[in-house]
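Here are some notes for a colleague opening this entry for the first time. Please read them with the structure at hand.

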Amino acid sequence: MDCVLFSPIGTTDPICDQRDGAMLHICRIYKPKKVYLYLSGEMVNYHKQDNRYCDALERLGNLLSHPFEVHCILRPDLFDVHLFDGFYIDFETEIEKIKKENPEDTVLLNVSSGTPAMKSSLQLLAALSDGTCRPIQVASPNKRSNPRRDDITKYDNDLYWELNADNTDAFVNRSSVSGYLNLMERIKTEIIKRHIDVYDYFAALTVAQSLKQLPAPALELLELACHRLMLKHSEVDRLRVQFPSWLIPVVNSQTRKIVEYMLWLDVKLKRKEYLDFVRGLTPIILEVLDLYVSQSLGLAMENYCQKRGKVLYLTRDGLSKTEEGQNILAVLDAYFAPYRDGFYASAPLTAIINAYAKEPNVVDRVNLLRQVEESVRNIAAHEIVYVDDD
């Protein structure tokens with residue numbers, strides 16, 4: 001694996017208590033082509049004092065016959081090493097630069113050196129990197145917390161290297177890949193929940209498909225939700241048979257079409273997508289008015305329509321063939337003065353309901369729907385406008 005290493009530097013680097021510090025140990029095991037050392041103010045001072053970090057890497061490179069290309073990222077004014085936010089932003093910037101410089105290589109992240117804020121920042125960056133960064137942790141020689149006993153201000157490059165027990169053939173590999181995948185799974189699971197909360201099932205499904213531990217039924221439910229939001233009833237039916245019947249309670253074709261479309265409009269309202277909402281009013285207004293005219297008023301309007309391609313036209317010729325049709329035509333002539341052949345739409349149905357309906361509250365609501373369609377929907381459908389709650 002071709003790789004480069006990004007490593008904060010801590011007080012146990014490069015060698016401590018006659019063993020590799022985490023940075024040097026990762027280089028010993030993984031042999032990265034390049035090593036990027038991130039030095040805070042205190043570490044910059046030690047670097048200037050005796051060049052201990054670069055010197056140890058040079059010696060290790062000679063031992064392994066693998067020279068390291070070393071880059072030092074110096075932060076001489078950085079002494080607030082406990083602050084998470086500052087490190088996260090700075091690390092993210094530097095790692096993006098490293099990725100651009102080494103597009104084909106995996107970026108190893110040393111998550112065992114430096115302060116807790118440095119380590120947690122790198123763990124989070126690794127979790128969000130989709131595999132382009134790999135966090136490496138190094139256990140202490142005693143497999144437990146091992147506070148540094150050396151005097152960090154007094155470092156002898158020759159002596160520390162000479163006494164480093166990890167330079168022998170009997171050294172033990174103490175490195176391992178950190179469990180960042182579990183962290184990434186948890187983060188992505190929370191992201192999926194947030195997408196579902198705002199009815200963005202497509203985004204939720206995209207994130208879910210990258211998870212390895214998501215149960216298959218959960219993925220299928222998200223896929224079903226996407227198809228349902230697109231009103232693809234055939235795909236919904238293919239998936240819903242695996243779940244309880246209450247999941248899609250209305251399956252009658254005519255009623256289901258209306259209910260599902262109303263739910264779609266409701267999602268548009270909840271997401272404050274008002275333009276889509278008002279543009280979507282016409283089909284449901286037509287569907288509901290047609291249902292009322294046929295079932296409550298008993299008028300079979302389809303008998304008076306002609307199909308041209310996929311579009312229905314309500315024509316004078318069709319209406320004039322029966323006595324009922326002639327009566328309807330008289331209503332339409334009075335309303336439109338006169339009626340001309342046109343699409344089978346909510347406008348003529350509104351005229352018919354005004355003339356035939358016996359319930360005043362139904363007439364009022366139909367007229368309100370028609371008013372909204374004319375005043376709001378038509379503007380939104382034909383002009384570039386902003387639509388808000390008002």
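1. K212 sits in the loop between α8 (201-208) and α9 (216-229). Helices here are DSSP runs of H or I with at least four residues, strands are runs of E with at least two, and both are numbered from the N terminus. K212 counts as exposed because its relative accessibility is 71%. The cut-offs are under 20% relative accessible area for buried, over 50% for exposed and partly exposed in between, with a 1.4 Å probe and protein chains only. K212 and N182 are 30 residues apart in sequence, yet 9.8 Å apart in space, C-alpha to C-alpha.

2. A word on the source: this is a predicted model, where local features need pLDDT of at least 70, side-chain atom pairs count only at pLDDT 80 or more, and totals for chains, interfaces and linings use all residues. Residues are numbered from 1 along each chain as its sequence is written, and side-chain values use heavy atoms, with hydrogens and water left out.

3. Look next at E185, in helix α7 (residues 180-197). E185 counts as buried, because its relative accessibility is 11%. Neighbours within four places in sequence aside, E185 is in contact with L211, K212 and Q213. Contact means heavy atoms within 4.5 Å.

4. How do α10 and α11 cross? The axes of α10 (residues 233-240) and α11 (residues 253-270) come within 13 Å and cross at roughly 95 degrees. Axes are lines fitted to C-alpha atoms, for helices over the stretch in contact, with angles from 0 to 180 degrees between N-to-C directions. The two helices, α10 and α11, are therefore roughly perpendicular. That label covers 65 to 115 degrees; under 35 is roughly parallel, over 145 roughly antiparallel, and the rest oblique. H233, V236, D237 and R240 of α10 meet R256, K257 and E260 of α11.

5. α11 has 18 residues and reaches 26 Å from its first C-alpha to its last, close to the 26 Å expected at 1.5 Å a residue. The expected span is 1.5 Å times one less than the number of residues. Its buried residues are R256, I258, E260, Y261, W264, L265, V267 and K268. The cover over the buried residues of α11 includes α9, α10, α12 (274-279) and α13 (281-295).

6. S346 is in helix α16 (residues 346-356). S346 counts as buried, because its relative accessibility is 3%. Beyond its neighbours within four places in sequence, S346 is in contact with I285, L286, L289, R370 and E373.

7. An open sheet has 3 strands in the order β9-β10-β11, paired antiparallel. Two strands pair if DSSP finds at least two bridges between them. β9 (305-308) and β11 (342-343) are the edge strands. β9 is joined to β10 (residues 311-314) by 4 bridges. Q306 stands opposite Y313, and K307 has L312 as its bridge partner. β9 and β10 form a hairpin with 2 residues between them, and G309 in the turn has a positive phi of about 70 degrees.

8. Check the backbone at A337. The peptide bond from A337 to P338 is cis, with omega near -10 degrees. Phi of A337 is near 45 degrees, a positive value in a residue other than glycine. A337 lies in the loop between α15 and β11. A337 counts as exposed, because its relative accessibility is 62%.
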